[in-house]
There are 2 protein chains.
Amino acid sequence: MAPSAAIPFDAPVNELVLEIFRLNGALIKCGDALVKPLGLSSARWQVLGSVVHGQGSYSVARLADNMGLARQSVQRVVDELAAAGLVAFAPNPAHKRAKLVVMTPRGQEVFERASALWQPVGDALIAGVEPAELRSAIELLAALRERLEQPAATE
Amino acid sequence: MAPSAAIPFDAPVNELVLEIFRLNGALIKCGDALVKPLGLSSARWQVLGSVVHGQGSYSVARLADNMGLARQSVQRVVDELAAAGLVAFAPNPAHKRAKLVVMTPRGQEVFERASALWQPVGDALIAGVEPAELRSAIELLAALRERLEQPAATE
DNA sequence: CTCAAGCGGACAGGATGCTGTCAATAGCGG
DNA sequence: CCGCTATTGACAGCATCCTGTCCGCTTGAG
């Protein structure tokens, strides 16, 4: 046998992992180009989306948890968005330090414009894909992620 | 209708994209932890894999293309791997500047140990998943990536 | 053979994400 | 009420990947 053929490179798991890496990079690149005219980036856009999704009732730590990122990563982006006037900090009646991240009117408008830019691109991306197949893939990826995020089960 | 309900957050495309981002982060984190005892990281491990896959006949630019990354990103990692004695540069008879990246014996050994660490984890990750479903997901992701990488078709 | 175009690498700088550490706030058991 | 622990944000430093620019090597047209 060949010296390094213990795990074939074309094993389905490995193919999937490499495809995730490449698709992740392609999505970030596409998003960056898409919202660049609005002064956004993929990262800022995604944070804006999380703020909208939380309806202004999320702290930075909560946003980070929802996005699966470290708090400091999100904190930096939120600070930049606040400096750009797209989000603001509202006092949290339940926690003096953990202020709530809320959208400013300008942030709302920018996000809606980004959504308008994204809609046709997103539609084209999945054009012709069977909804059931898409749903199946999403659930598979979610299941794999959950396994990765709780590795303490066997240790 | 609600002010920002033009594109629902739970649209399948958006779910998929967010899941890709989260899974990508989880995979990198898992890989970092897995090969840390070997002095590797996810990025270095992936580059090593590409070098092995190319059987020592790839230049840095070629490796980057295969991985879907920019040349400079791969160049930096390769330089670090070379400094660590895991890879080396072999003269390229066809191109004086574009040296070939080859594995050193130590690099071979480290990569094989990483593969041994990964095998049970990778197997456990896809345990219970229908091979057909896995294959279907891989092909879906690959198709989406190809659409993203050739956006010039409509412009 | 000469030179323009293209490819590959070197260098600089920026964006995004992580970990580690510390201070302030909340919540809870004694 | 006091102090311990957990949570949250601030700050510093590092890893990874990107773009932009320049230079050397290769190739091909003339």
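How many residues does the contact take from chain B, and how many from chain A? In this predicted model, the contact takes 55 residues from chain B and 55 residues from chain A.

**How the two chains are related**

Chain B can be superposed on chain A by a rotation of 180° with 0.0 Å of shift along its axis, and the RMSD of that superposition is 0.0 Å. That is the relation of a two-fold axis. The same surface serves both copies, since 100% of the contact residues of chain B recur in chain A. If we ask which residue of chain B comes closest to the rotation axis, the answer is B:Ala137, whose C-alpha is at 2.5 Å.

**The interface between the chains**

The area buried between chain B and chain A is about 5,400 Å², and carbon and sulfur atoms give 71% of that area. Charged groups also take part, for the rule finds six salt bridges across the interface of chain B and chain A. B:Glu15 forms a salt bridge with A:Arg135, in which the closest N and O atoms are 3.3 Å apart. Between chain B and chain A there are also 16 residue pairs in polar contact, counted where both residues are at pLDDT 80 or more.

On the side of chain B that touches chain A, the elements that give two or more residues are α1 (12-35), α2 (42-54), α3 (60-67), α5 (105-125) and α6 (131-149) of chain B. Of these, α1(B) gives the most, with 17 residues. Sorted by class, this side of chain B has 33 nonpolar, twelve polar and ten charged residues.

Of the atoms of DNA strand C within 4 Å of the protein, 69% belong to sugar or phosphate, and the rest belong to bases. At least two residues of this surface are supplied by each of α4 (71-83) of chain A, α3 of chain B and α4 (71-83) of chain B, while the largest share, four residues, comes from α4(A). The residues near DNA strand C divide into six nonpolar, seven polar and seven charged.

**The surface near DNA strand D**

Around DNA strand D there are likewise 20 residues, of which A:Gln75, B:Ser41, B:Ala70, B:Ser73 and B:Lys96 come nearest. Sugar and phosphate account for 70% of the atoms of DNA strand D that come within 4 Å of the protein. Here α4(B) gives the most to the surface, with four residues, and the residues of this surface divide into six nonpolar, seven polar and seven charged.

**Individual contacts with the DNA**

| Residue and its atom | DNA strand and its atom | Distance |
|---|---|---|
| B:Val60, polar backbone atom | C, phosphate oxygen | 3.5 Å |
| B:Ala61, polar backbone atom | C, phosphate oxygen | 3.0 Å |
| B:Gln75, polar side-chain atom | C, phosphate oxygen | 2.8 Å |
| A:Ala61, polar backbone atom | D, phosphate oxygen | 3.0 Å |
| A:Gln72, side-chain N or O atom | D, base nitrogen | 3.1 Å |
| B:Arg97, side-chain N or O atom | D, sugar or linking oxygen | 3.0 Å |

The elements that give two or more residues to the surface near DNA strand D are α3 (60-67) and α4 of chain A, together with α4 of chain B.

Conventions:
Residues numbered from 1 in each chain as written. Chains lettered and ligands numbered in written order. Heavy atoms only, no water. Least-squares fit on C-alpha atoms with pLDDT ≥ 70 in both. Contact = heavy atoms within 4.5 Å. Buried area = accessible area lost by both parts, 1.4 Å probe. Salt bridge = Lys/Arg side-chain N within 4 Å of Asp/Glu carboxyl O. Polar contact = N/O pair within 3.5 Å; in protein donor to acceptor, adjacent residues only side chain to side chain. Nonpolar A, V, L, I, M, F, W, Y, C, P; charged D, E, K, R; others polar. Near = heavy atom within 4 Å.
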